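Welcome! Here is a short briefing to read alongside the sequence and the 3D view.

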Amino acid sequence: MSTTKTTVDCDVKDLALADIGKRRTEWAFQSMPVLQTIRKQFIKSQPLAGVRIAACLHVTTETANLMITLRDGGASIVLCGSNPLSTQDDVAATLVRDYGISVHAIKGESNDVYYKHINSAIDSKPMITMDDGCDLVHQLHTQRQDGLTDVIGGTEETTTGVIRLQAMAKEGVLRYPVIAINDAMTKHFFDNRYGTGQSTIDGILRATNILLAGCTFVVAGYGWCGRGLATRARGLGANVIVTEIDPIKAIEALMDGFRVMSMAEAAEIGDIFVTVTGNKSVIARDHFERMKSGAILCNSGHFNVEIDLETLGKMASSRKEVREFVEEFALRDGRRIYVLGEGRLINLASAEGHPASVMDMSFANQALSVQYVLANHDKIAKNVHSVPDDIDREVARLKLEAMSVKIDKLTPEQEKYLGSWSEGT
Ligand SMILES: NC(=O)c1ccc[n+]([C@@H]2O[C@H](COP(=O)([O-])OP(=O)(O)OC[C@H]3O[C@@H](n4cnc5c(N)ncnc54)[C@H](O)[C@@H]3O)[C@@H](O)[C@H]2O)c1
């Protein structure tokens, strides 16, 4: 609970942390030139005037800058966390104290408090939902249908959320259109690959301070996040093994130079295991039974179900925290297995999440997609929609411009050539 008084409706850890949060938020904004451009446009044209937004996102410095941008565009916002361990309490504090934004999120909150905070966001009678993982949308469609009255559309940030929304749309239960931010090229090509790749390593190192060079590093899932992670682990000198269930991704990993094998085989030789699949029980009893003593396990997929911690807990004779974010499971046969960050997204649990310069593009897509939903909600179906290509390309164009990188343009002759099927030789 806050120690300093505020008139803004909030539930944050301590408003006295706001000074640190403000400095960090401003630092991140320097690396978000695309969002800076959008903020300037929003301040001028007020496209979100009178719009109420409920946002369920990881409360990080980058998210803070997105929230401030939306506020500057005229929106009123209530922000809650999208994971009980990912909130940066100093950022929550500055958003409330310095920017007047309502935040309900505390790092380490229980599951009950997590949902209480989501309910607080729903209490604001949102017109737009902004979700990361679909918990807000799920809550609205199940426990809190009363909050659906004014909702005209939403956005979804991550792979797992998009998968859940597509399942809802397929069953015909999704009550409003949602834009799949994750599916924009300027999101998953960069955020998932380079952002998750780097920040997952950052999380592992901050939690453990281990040397990656020479260790056997197992990556479960060779999707966008897994590719980035495997490449970065190799760059630090680890021997990387990839596990997959998709034969095409498995061949890709092989041809990228990684060893590919089943998790059962990898379990016997791995020193560090990271799951990034969006699936459940990817590491389970059979694998725990084969692991070397000292094996380190963590997850960077959206939910904490990728490692079967319930079973590991049952296999353990005792468990204790040996460092912050490192829990030791002592197994009955004498082996010890270490789990980082309670099996939750390790890059957000023990580190700060993705670097701002990559979130710049993801959140530029968010801001522009909110504007798109407002203009088009009555013309698009209650379904999951891609980010319009012109938004995706505009984000890329602005990013290149900010990096002072010029690219070539098609000449009229080239345009004609590419558009014709008669020109061959
Ligand atoms: N940590 C973060 O900050 C962060 C950022 C972006 C995405 N995510 C999350 O990470 C997860 C992966 O996202 P992505 O964009 O890489 O998805 P993706 O769909 O591109 O890749 C997932 C891969 O996992 C593989 N897979 C599924 N089940 C498996 C199993 N049992 N064993 C091995 N491989 C398996 C799939 O075949 C696929 O190749 C999602 O939950 C997503 O929401 C996390």
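In which strand does Thr 129 lie? Thr 129 lies in strand β4, residues 128-131; strands (E, at least two residues) and helices (H or I, at least four) are DSSP runs numbered from the N terminus. This is a predicted model, where local features need pLDDT of at least 70 and side-chain atom pairs count only at pLDDT 80 or more, while totals for chains, interfaces and linings use all residues. Residues are numbered from 1 along each chain as its sequence is written, and side-chain values use heavy atoms, leaving out hydrogens and water.

**Around Thr 129**
- Thr 129 is buried, because its relative accessible area is 0% (buried is under 20%, exposed over 50%, partly exposed in between, with a 1.4 Å probe and protein chains only).
- Leaving aside neighbours within four places in sequence, the contacts of Thr 129 include Ala 54, Leu 136, Val 151 and Tyr 176 (contact means heavy atoms within 4.5 Å).

**Helix α10**
- Ile 251 is found in helix α10, which covers residues 247-255.
- With a relative accessible area of 47%, Ile 251 is partly exposed.

**The whole protein**
- The protein has 17 helices and 15 strands.
- Buried residues make up 55% of its 425 residues.
- Of the contacts in the protein with a separation of 6 or more, 69% are between residues 24 or more positions apart.
- The C-alpha atoms fill a box of roughly 75 × 65 × 45 Å, taken along the principal axes.
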